[in-house]
Amino acid sequence: MLIENLYTLDSFNDDAQKAVASVTLNAHHKIFEGHFPGQPVLPGVCQLQMVKELLERATKQKLFLAEAANCKFLQMIDPTQTNVLVITIDYKKEEDAVACNAVIKSGDAVYLKMNGKFLKAG
């Protein structure tokens with residue numbers, strides 16, 4: 001898990017199948033030493049993992065990403081320039097899955113838009 005390591009959760013609200021979280025990135029995390037030296041960028045896979053972890057918190061279920069039908073990384077996230085992000089996840093529980101639309105942004109800047117399906121783990 002990346003929570004409390006790569007990022008900290010500042011606030012989390014879950015109401016009527018809509019979760020909204022504010023997170024602060026740890027700009028000194030060692031992942032940025034290799035991605036990329038002198039030009040830190042939050043990896044896309046980490047952004048997807050953050051969405052998964054927050055969706056697990058909202059649904060109180062262990063999940064894994066089964067389908068990312070539409071996933072757009074619109075801008076790079078440099079944690080030294082932008083370290084506070086708002087992650088909004090609209091989701092719908094299905095029989096053995098959770099469908100979601102997620103957005104990662106900061107102010108007016110949008111970094112990720114995704115539609116996905118997560119299956120219950122285990």
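Which residues does A102 touch, not counting residues up to four places away in sequence? Here are some notes to go with the model.

1. Ground rules. This is a predicted model, so local features need pLDDT of at least 70 and side-chain atom pairs count only at pLDDT 80 or more, while totals for chains, interfaces and linings use all residues. Residues are numbered from 1 along each chain as its sequence is written, and side-chain values use heavy atoms, with hydrogens and water left out.

2. A102 and its surroundings. To pick up the opening question: A102 touches V51, T88, I89, L112, K113 and M114, where contact means heavy atoms within 4.5 Å. A102 sits in strand β5; strands here are DSSP runs of E with at least two residues, helices are runs of H or I with at least four, and both are numbered from the N terminus. With 1% relative accessibility, A102 counts as buried. The cut-offs are under 20% relative accessible area for buried, over 50% for exposed, and partly exposed in between, using a 1.4 Å probe and protein chains only. As for P40, A102 is 62 residues from it in sequence and 23 Å from it in space, C-alpha to C-alpha.

3. Salt bridges, the count. Searching the whole structure turns up two salt bridges. The term means a side-chain nitrogen of Lys or Arg within 4 Å of a carboxyl oxygen of Asp or Glu.

4. The pair within a helix. E56 bridges to K52, with the closest N and O atoms 2.7 Å apart. Both belong to helix α2 (residues 44-59) and are four residues apart, about one turn of the helix. Have a look at the burial too: E56 and K52 are both buried.

5. K117 pairs with E94, and here the closest N and O atoms are 3.3 Å apart. K117 is partly exposed at 29% relative accessible area, and E94 is partly exposed at 32%.

6. A buried charge without a bridge. E53 is in helix α2. E53 is buried yet has no salt bridge, and the nearest side chain of opposite charge, K52, is 6.3 Å away. For charges, Lys and Arg count as positive and Asp and Glu as negative; His and the chain ends are not counted.

7. What E53 does meet. Leaving aside neighbours within four places in sequence, E53 is in contact with M1, L2, I3 and Y7.
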